[in-house]
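Take a look at the structure below. Then follow the text through it, one step at a time.

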Amino acid sequence: MKARRAIIPVFVPHLGCPHRCVFCDQRRVSGAQSPATARDVRRAVEEGLARSNPETPPTLAFYGGSFTAIPRARQRELLEAAQPYIRSGAIADIRLSTRPDAVDAETLDFLRAYGVRTVELGVQSMDDEVLRLSGRGHTAGDAEKAAAHVKAAGFELILQMMTGLPGDTREKSLMTARRFTELSPHGVRLYPTVILRDTPLYDLWRAGLYRENTVEEAVDWCAEISELFDAAHIPIVRLGLNPTDDLSAGEAVAGAYHPALGELVLSRRYLTRERALLTKRDRGADILFAVPPGRTSAATGQKRANIEALKAEYALKTVKFLERPLPDLTVERIIP
Ligand code: SF4
């Protein structure tokens, strides 16, 4: 099996951002206090290469800011620092994240010349009211144009969306996911909103002007959104913020922060499939489900949540699982 390409992340927190979006604090999310310099890039690459498999050169990634909105000389300095590694083949390619209103054909030509292969667009929502209330400073139309530019220029496109932003609803999040599928990205990132301490969103929440989505709501919405992306064969490359010690220790004050959010969403998707195989006539029954290899834990749910939910809803006696060679996210009921 081909080894997965490792990512060497370099953080440029808030570099290039024209203002602060209400939910954002890249320093808390990334743990990086100041934007990387060319020297930091070289150090990160050297350290990353020492850890990586030489047979599969890693990707260098610039995250945490609006890369293409950084003054061009600084972009050049950061990209130049990676060029010796690109030329020698030690680094396979570069990816970076940026804002939809900071991408045009000329910028993409510039990036291509430096070995950038993937552009991640922080779109967050395709609803203009949600974008406005979140202080994004761009529209859904900007995102559509940027996505088209990125794809037409031959880059890999990753789109990032958030759920539960100010003004968001389940329907708006589902609409955003549907619009994303129409843009045919190579992958998506899905981030339920987390309230970080000392952000404008934190102030809104404390003033009672914003009601957050709980983990439970986020799991529910994201399970449905994941079905849409799966049906369109669009991989979800990340679901939920990367857990960090600071976030877990209280910097994530409220909202949908959970260190294993992706697993909770997967379990919810199994629960939906398990429910579909039961009826009220199963009252008092012993239920046996077949699930794909390695998926018993997801099918069972954290702390047996799926089993307990099914037992309560259908008055079942027992719920058990066995693993069979089935495709992922397939559940079959075994009738004895
Ligand atoms: S969400 Fe993106 S554009 Fe907004 S402040 Fe954070 S890094 Fe900058």
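This is a predicted model: local features need pLDDT of at least 70, side-chain atom pairs count only at pLDDT 80 or more; totals for chains, interfaces and linings use all residues.

The protein is divided into two parts: domain 1 covers residues 7–259, and domain 2 covers residues 269–333. The C-alpha centres of domain 1 and domain 2 lie 35 Å apart.

Now find helix 11, residues 261–275. Its 15 residues, at 1.5 Å a residue, should span 21 Å. Which residues of helix 11 are buried? Among them are L261, L264, Y270, L271 and E274. The buried residues of helix 11 pack against several elements, including strand 6 (187–192), helix 9 (215–231) and helix 13 (305–314).

Next come the helix pairs. Two packed helices are described by the angle between their axes and the distance between the axes. Start with helix 11 and helix 13. They pack at an angle of about 30 degrees, with their axes 10 Å apart. Angles under 35 degrees count as roughly parallel, so helix 11 is roughly parallel to helix 13. S267, Y270, L271 and E274 of helix 11 make the contact with A305, N306, A309 and L310 of helix 13. The crossing of helix 11 and helix 13 is right-handed.

Turn to helix 7, residues 170–183, and helix 9. Here the angle is about 20 degrees, and the axes lie 10 Å apart. That makes helix 7 roughly parallel to helix 9. The crossing of helix 7 and helix 9 is right-handed. On helix 7, the contact residues include R170, L174 and R178. On helix 9, they include W221, I225 and F229.

Notes: Residues are numbered from 1 along each chain as its sequence is written. Helices (H or I, at least four residues) and strands (E, at least two) are DSSP runs, numbered from the N terminus. The expected span of a helix is 1.5 Å times one less than its number of residues. A residue is buried if 20 or more other C-beta atoms lie within 10 Å of its own, exposed if 12 or fewer, and partly exposed in between; C-beta atoms are placed from the backbone. Two residues are in contact if their C-beta atoms, placed from the backbone, lie within 7 Å. Domain bounds come from an automatic or database domain assignment. Axes are lines fitted to C-alpha atoms, for helices over the stretch in contact, and angles run from 0 to 180 degrees between N-to-C directions. Angles under 35 degrees count as roughly parallel, over 145 as roughly antiparallel, 65 to 115 as roughly perpendicular and the rest as oblique. A crossing is left-handed if the near helix is turned anticlockwise from the far one by less than a right angle, and right-handed if clockwise.
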